[in-house]
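The following note sets out points for a colleague's review. Please read it alongside the coordinates.

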Amino acid sequence: DWANVPAAPLDPILGMSQRFQADTDPRKVNVSIGAYRTDEGKPLVLNCVKKAEKIILDNTTLNKEYLPQRGDVTYAALCQKMLFGEDSQLLKDGLVATAQTLSGTGALRLGAEFVKRYAPGTAVYISSPTWGTHNSIMDQAGVPYKPYQYWDKENRNLNLAGMLDDLKAAPDGSIIMLHAAAHNPTGVDPTKDQWDQIMEVCKAKGHVCWFDSAYQGFATGCLEKDAYALRKFAENGLPLFVSQSFAKNFGLYGERVGTFSLTCGSSDTVKSVMSQMDIIIRNLYSNPPKHGANIVKTVLSDPELYQEWRDELLAMSVRIQDMRKVLFDELIRLETPGSWKHVTDQIGMFSFTGLTPEQSKAMVEKHHIYMLGNGRVSMAGVTSGNVKYIAAAIDDVVRN
Ligand code: PMP
């Protein structure tokens with residue numbers, strides 16, 4: 001009767017949203033999940049997405065046939081350009097293997113399956129802290145994983161020396177998971193000079209760098225800037241994996257649109273790798289869904305829609321930056337003990353507030369502000385309407 005199945009704990013991120021839903025307090029705020037909200041606190045469907053959906057529906061050749069296991073190849077080629085750049089030599093030489101995936105999580109899982117088969121025993125090194133699912137995906141896929149130092153808690157900044165030490169100490173040819181832009185949860189990315197140092201170590205060690213790109217365009221509002229490290233590493237010939245998500249930058253969360261790519265030594269190898277990806281995908285979920293990829297394909301291949309998307313992406317990132325400023329100003333006005341400069345210094349969707357697990361718990365239990373136990377607040381859920389309440393709650397938990 002399955003009485004042997006123990007109840008699992010709630011997911012640390014998705015579980016918070018479940019608790020939020022169940023809360024009846026009118027003051028409640030959900031800043032746990034990384035999902036963009038308008039200043040009215042509503043989910044946003046981008047205009048470019050609505051227009052693309054109309055074009056798709058009006059297309060008389062539209063059908064609901066299966067895609068191949070690897071997905072839509074035109075979509076994949078457009079995604080490659082977005083990641084590696086129009087002028088990428090790797091793309092000109094046809095050295096990147098790319099499969100359409102079930103958003104970023106599906107890309108990570110597909111990559112993990114690939115590692116398990118073709119680099120068995122190789123450990124994936126993951127930043128500490130990270131988006132928790134990085135670790136659990138490797139765990140569930142049976143891929144060994146280890147942490148590398150990333151966060152300097154004291155200075156609320158990158159611990160570059162610790163990171164480089166750990167990358168040097170890892171066996172040659174390890175796999176290093178890097179957040180392409182807008183590190184989750186810390187909001188602290190390496191500077192260009194620091195990326196160069198990381199690259200030199202990875203190159204000398206023959207490491208494979210796995211860029212997890214879930215926020216391209218969200219860190220700075222600019223797609224090119226947010227692809228800086230990935231493109232630099234690619235130009236310098238480092239072997240790469242890339243997992244890509246369109247959840248945040250296209251607002252296509254539930255449509256599950258992404259890609260997984262890896263760079264290969266020859267175009268023949270790309271063919272073999274893709275043929276193996278087809279087999280892995282066939283036995284996981286057969287083939288990916290069409291609608292979301294169709295939206296992205298339509299927008300990326302239409303100059304006007306593409307520009308509209310870029311403008312909307314910029315507007316989302318600017319609203320988040322504005323909220324950082326307002327939250328910061330409010331904490332200063334309240335003279336909340338501690339330094340809060342990191343609130344405006346950090347980039348991307350999240351603020352790693354520095355609140356302790358106890359303080360974070362009090363935010364939830366006393367103030368109905370649903371955030372993560374590690375102090376992470378999604379700035380995308382902060383609005384003109386709730387920012388003062390959030391600041392007052394932070395002030396209260398810090399003082400008490
Ligand atoms: N990687 C990171 C670092 C993320 O923050 C996220 C989203 N929270 C993802 C991958 C993937 O999310 P999704 O599967 O929704 O694309």
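Where does Ala 182 lie? The points below begin with that residue.

1. Ala 182 belongs to the loop between E7 and H8. The model is a predicted one, and in it Ala 182 adopts a positive phi of about 60°, although the residue is not a glycine. Ala 182 has 26 C-beta neighbours inside 10 Å and therefore counts as buried, the threshold being 20 or more.

2. The loop between E7 and H8 also holds Pro 185. A cis peptide bond links Asn 184 to Pro 185, with omega at about 15°. A cis peptide bond is likewise found between Ser 128 and Pro 129, where omega is about 5°. Pro 129 sits in the loop between strand E3 (124–128) and helix H6 (133–141).

3. Trp 2 is a further non-glycine residue with a positive phi, here about 65°. Its position is in the segment before helix H1 (14–22). Is Trp 2 buried or exposed? Trp 2 counts as exposed because it has 4 C-beta neighbours inside 10 Å, and the cut-off for that class is 12 or fewer.

4. Which strands pair with E8? Strand E7 (residues 175–179) runs parallel to E8 and is joined to it by five bridges, with Ile 176 opposite Cys 209. Strand E9 (residues 240–245) also pairs with E8 in the parallel sense, again over five bridges. In that pairing, Asp 212 stands opposite Ser 243.

5. E7, helix H8 (residues 192–205) and E8 form a right-handed β-α-β unit. E8, helix H9 (residues 228–235) and E9 form a right-handed β-α-β unit as well.

6. Helix H3 (residues 73–84) consists of twelve residues, and its first and last C-alpha atoms are 16 Å apart, close to the 16 Å expected at 1.5 Å a residue. Its buried residues are Tyr 75, Ala 76, Cys 79, Gln 80, Met 82, Leu 83 and Phe 84. An α-helix has 3.6 residues a turn, so residues three or four places apart point the same way. Just after H3, Gly 85 has a positive phi of about 95°.

7. At the level of annotation, the unreviewed UniProt entry assigns "domain: Aminotransferase class I/classII large" to residues 27–394. In the model, that span is 45% helix and 14% strand, and its end C-alpha atoms lie 14 Å apart.

Notes:
Residues numbered from 1 in each chain as written. Predicted model: local features only at pLDDT ≥ 70, side-chain atom pairs only at ≥ 80, totals over all residues. Helix = DSSP H or I, 4+ residues; strand = E, 2+ residues; numbered from the N terminus. Expected span 1.5 Å × (residues − 1). Pairing = 2+ DSSP bridges. Right-handed = clockwise from strand over helix to strand, strands pointing away. UniProt positions renumbered as here; feature names shortened; annotations may be inferred.
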